[in-house]
Amino acid sequence: MCIRDRFKMHPSEPTTITEDWLSLVAPNRSVVCADLSAHPGPDHLLRSIRLYFQGMEEAWTQQLRAAADAWHRDNSIGLIYLVFGTKEFGRMICKWMQEWKVPGKFYHGDSDETERFGDLADVRSVWPRLGYVACTTAVGPGVDIPQEVRVSCIFAQFDRMGCSFQQQCQSLMRPRHVGNPEMHLHLCCMDPDARALLVAQGKRKPIVRSTY
């Protein structure tokens, strides 16, 4: 097996979590780890992420407002693509976009299916007229966003009580070509460094890796 995941709970651990898991489910097979970073893929798929944790909502919002202002100055740069983990958060952000005079649509599990499926089947005609497109995991695997549909930037919100993170990542990668490759991702959790400080102060319990 060839894997890329090199995550460890602590650098002192001799093996990664993925290696441990594979050794558990397939003890008779050898595990080979390969670093695939030398072959990252096409340039248009190279993306970076700026993370925003709890307490950093204002900074995330400022970036979103700046993107809206940039669209008003030149809407030929493409639409703003938003991925939300919860419908409630998505509705709040879409209300802000309306206040900022940016037209758009929000696709989620409770949105009109006829309209949603019709739009996703012909995004070449529908999306270029919009200033933003917001979605939960309703826009994910199987949805093709062609190159001619210009996307200026990507924003996202992940919540542990919301959609699957894996499926949200699939939704994030639907746009093929993005003007700004840096995605702004808001996580509804504490900054790891801030939590580590609280653990050191005895105010939080350390995260203990589960055993098998």
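**View 1. Aromatic pairs, with Tyr107 and Trp127 in close-up.** Searching the whole structure gives seven aromatic pairs (rings of Phe, Tyr and Trp, the latter by its six-membered ring, with centres within 6.5 Å). Tyrosine 107 and tryptophan 127 have ring centres 6.2 Å apart and planes at 25 degrees, so this pair is stacked (planes under 30 degrees apart; over 60 is edge-to-face, the rest tilted). The pair joins distant parts of the chain, 20 residues apart. Tyrosine 107 lies in strand E5; tryptophan 127 lies in the loop between helix H5 (123-126) and E6. Helices (H or I, at least four residues) and strands (E, at least two) are DSSP runs, numbered from the N terminus. The model is predicted: local features need pLDDT of at least 70, side-chain atom pairs pLDDT 80 or more, while totals for chains, interfaces and linings use all residues. Residues are numbered from 1 along each chain as its sequence is written, and side-chain values use heavy atoms, without hydrogens and water.

**View 2. The open sheet.** Six strands run in the order E3-E8-E7-E4-E6-E5, with parallel pairing (at least two DSSP bridges between two strands). Strand E3 (48-52) and strand E5 (104-107) are the edges, each pairing on one side only. Twist averages 15 degrees from one strand to the next.

**View 3. E4 beside E6, with H3 on the sheet.** Strand E4 (residues 79-84) pairs with strand E6 (residues 132-135) in the parallel sense over four bridges. Leucine 82 has alanine 134 in E6 as its bridge partner. H3 packs on the sheet and touches E4, E5, E6 and strand E7 (151-158) (heavy atoms within 4.5 Å). The direction of H3 makes about 155 degrees with that of E4 (angles run from 0 to 180 degrees between N-to-C directions; axes are lines fitted to C-alpha atoms, for helices over the stretch in contact).

**View 4. H2 against H3.** Helix H2 (residues 57-73) packs on helix H3 (residues 87-99) at about 45 degrees, axes 11 Å apart. Trp60, Thr61 and Leu64 in H2 meet Phe89, Ile93, Trp96 and Met97 in H3.
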